[in-house]
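Biologist: I would like to look closely at one part of this protein and then see how the rest is arranged. Could you take me through it step by step?

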Amino acid sequence: MESSPLISAGLPIALFIIMIGIGMTLTLRDFRQVAVYPKGMIVGTFAQILLMPMVAFGLAYLFGVAPAIAVGLVIIAACPGGTTSNLFVLLARGNIALSIVLTVSASLITILTLPLFTNMALQHFMGTEENISLPVAIGMLVRTRKPELARKAESLVSIFGGIVLAVLIVALLYGVRDQMWDLLKQAGPSTIALNVAGIALGLLAGRVAGLTQRESLAVAVELGVKNGTIGLMVTLTLLESSTMSIPAAVYGVLMFPIGFLLAMYGRKVIPKSNVAHADGES
């Protein structure tokens with residue numbers, strides 16, 4: 001399936017803006033911030049950057065999805081979280097500071113790992129590869145030279161990313177409306193399984209590593225709530241495949257209701273007094 005003129009013309013610009021915006025949130029000082037929460041950061045980053053793509057490879061085989069769907073599944077699994085995951089952690093009374101650190105660390109590492117896992121999936125499932133690069137460094141340069149401008153742009157970029165995600169999902173589903181049911185039957189179960197597996201993996205990893213309940217919840221949300229916009233941009237713009245984009249589109253819709261359920265769970269098991277006590281100690 002070929003993308004529409006709107007997608008082929010507008011998405012490269014949107015991708016450029018969003019990746020620069022992500023870069024604007026990053027500075028070299030963020031590396032020192034990550035060290036404040038070493039155990040939670042190590043566990044969460046390892047699970048988010050390495051385990052989630054491996055889980056996606058396994059689910060692609062388990063569900064026997066088409067090669068293009070399998071590639072799309074790996075791509076969304078390799079995407080970092082974002083401001084949405086930070087919001088859900090806040091709502092769930094999780095450790096918001098750890099969530100922000102994990103978002104930062106994943107965004108830094110994803111510059112390298114997203115192209116790597118994308119090419120691994122392309123080679124493994126389709127026998128091809130692509131040269132993929134993300135213009136994050138430009139945003140980091142803006143942050144270094146014009147910090148005030150970068151700070152003002154952060155919220156605008158977040159809003160822009162959310163709008164683009166919504167428009168992309170609607171446009172994509174409309175573009176494949178004749179094949180939508182077949183594609184959803186192929187991608188839906190594996191994508192749902194990926195989302196649930198990410199949350200379960202985060203909670204399990206936190207428990208095994210001896211993290212607090214709030215830290216474990218932050219890791220779980222970071223693994224379960226992905227930046228679907230980046231996944232759609234990579235598949236539609238750089239790879240020019242509507243089929244590969246289906247997992248990212250399904251995930252982008254699905255993660256919101258599941259994220260709210262996780263937030264409700266967090267508010268049920270974590271008393272408000274625990275959050276206030278932790279904030280008072282910081």
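Modeller: Let's start with helix H11, which is mostly covered, since 10 of its 11 residues are buried (under 20% relative accessible area with a 1.4 Å probe and protein chains only; over 50% is exposed, and in between is partly exposed). The buried residues of H11 are Gly228, Thr229, Ile230, Gly231, Leu232, Met233, Val234, Thr235, Leu236 and Thr237. After H11 comes Glu240, which has a positive phi, near 50°.

Before going on, please note that this is a predicted model: local features need pLDDT of at least 70, side-chain atom pairs count only at pLDDT 80 or more, and totals for chains, interfaces and linings use all residues. Residues are numbered from 1 along each chain as its sequence is written, and side-chain values use heavy atoms, leaving out hydrogens and water.

Now step back to the whole protein. There are 13 helices and 0 strands (DSSP runs numbered from the N terminus, H or I of at least four residues for helices, E of at least two for strands). Of the 282 residues, 53% count as buried. Among contacts (heavy atoms within 4.5 Å) with a separation of 6 or more, 84% join residues 24 or more positions apart.

Leaving aside residues up to four places away in sequence, Phe125 touches Phe57, Ala60, Tyr61, Pro67, Ala70, Val71 and Val74. Phe125 also belongs to the meeting of H4 with H6: Pro67, Ala68, Ala70, Val71, Val74, Ile75 and Ala78 in H4 face Thr110, Leu114, Phe117, Thr118, Ala121, Leu122, Phe125 and Met126 in H6. These residues divide into 13 nonpolar, 2 polar and no charged. The axes of H4 and H6 (lines fitted to C-alpha atoms over the stretch in contact, with angles from 0 to 180 degrees between N-to-C directions) come within 9 Å and cross at roughly 165°. H4 is therefore roughly antiparallel to H6 (over 145 degrees; under 35 is roughly parallel, 65 to 115 roughly perpendicular, the rest oblique).

H10 takes part in another helix pair. The axes of H3 and H10 come within 10 Å and cross at roughly 20°, so these two helices are roughly parallel. Here Gly40, Gly44, Ala47, Gln48 and Met52 in H3 meet Val219, Glu222 and Leu223 in H10. That contact is made up of 4 nonpolar, 3 polar and 1 charged residues.

Finally, find Leu217, which also lies in H10. Leu217 counts as buried because its relative accessibility is 2%. Beyond residues up to four places away in sequence, Leu217 touches Ala92, Gly94, Leu203, Leu262, Tyr265, Gly266 and Ile270. Leu217 and Ala263 are 46 residues apart in sequence, yet their C-alpha atoms are 9.1 Å apart in space.

Terms used:
Ala, Val, Leu, Ile, Met, Phe, Trp, Tyr, Cys and Pro count as nonpolar, Asp, Glu, Lys and Arg as charged, and the others, Gly among them, as polar.
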